[in-house]
Amino acid sequence: MSKKEVKTNAMRILDRRKIPYEYEEYDCEDFIDGIQVADQLGYSHELVYKTLVTTGKSGKYYVFVIPIEEEIDFKKAAKVVGEKSLEMLHLKDLTKVTGYIRGGCTAIGMKKPYPTVIHKAAYSLEYIHVSGGKLGMQLKLSPQHLQLATDAQFADVTHS
């Protein structure tokens with residue numbers, strides 16, 4: 001008997017838009033950070049990106065996709081999206097705002113389309129790994145395809 005393929009909302013959106021991707025599942029009961037995921041799956045850290053959701057001074061939400069070993073530079077990020085300042089979205093609000101849980105949050109297929117920025121380092125990579133929309137799921141796709149799926153822009157938004 002074959003195991004049924006699990007499709008996340010993000011995967012269904014990519015399929016519908018005919019955007020190529022690969023996925024990999026891994027054992028994960030609770031949140032683990034991107035570095036632990038990369039190490040567990042044998043991925044190079046430079047190819048694994050995390051999704052951060054922020055709130056602007058205006059009350060609007062913004063999504064940033066950055067390398068797992070880097071930290072967001074809130075001043076640079078705020079300037080890119082035209083806000084005075086940004087702060088991380090409170091964890092208690094993550095599911096309500098995005099439809100995803102911590103560790104399973106991806107920029108693809110959030111409850112609403114939020115302005116999204118992919119760190120510029122991804123642009124020159126052949127592919128990156130991002131969360132697949134649930135714990136234990138990673139997607140592999142080109143940064144340009146992620147840009148297409150999320151209507152994102154590329155910019156420098158991490159500490160140099």
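Colleague: Which residues of helix α1 (residues 9-16) are called buried?

Modeller: The buried residues of α1 are A10, M11, I13 and L14, where buried means under 20% relative accessible area, exposed over 50% and partly exposed in between, with a 1.4 Å probe and protein chains only. Helices (H or I, at least four residues) and strands (E, at least two) are DSSP runs, numbered from the N terminus. This is a predicted model, in which local features need pLDDT of at least 70 and side-chain atom pairs count only at pLDDT 80 or more, whereas totals for chains, interfaces and linings use all residues. Residues are numbered from 1 along each chain as its sequence is written, and side-chain values use heavy atoms, with hydrogens and water left out.

Colleague: Which elements do the buried residues of α1 pack against?

Modeller: They pack against β1 (22-25), β7 (137-141) and α5 (143-150), contact meaning heavy atoms within 4.5 Å.

Colleague: Why are β2 (residues 49-56) and β3 said to pair?

Modeller: Two strands pair if DSSP finds at least two bridges between them, and 7 bridges join the antiparallel β2 and β3, so they pair.

Colleague: What makes β3 (residues 61-67) mostly covered?

Modeller: In β3, 6 of its 7 residues are buried.
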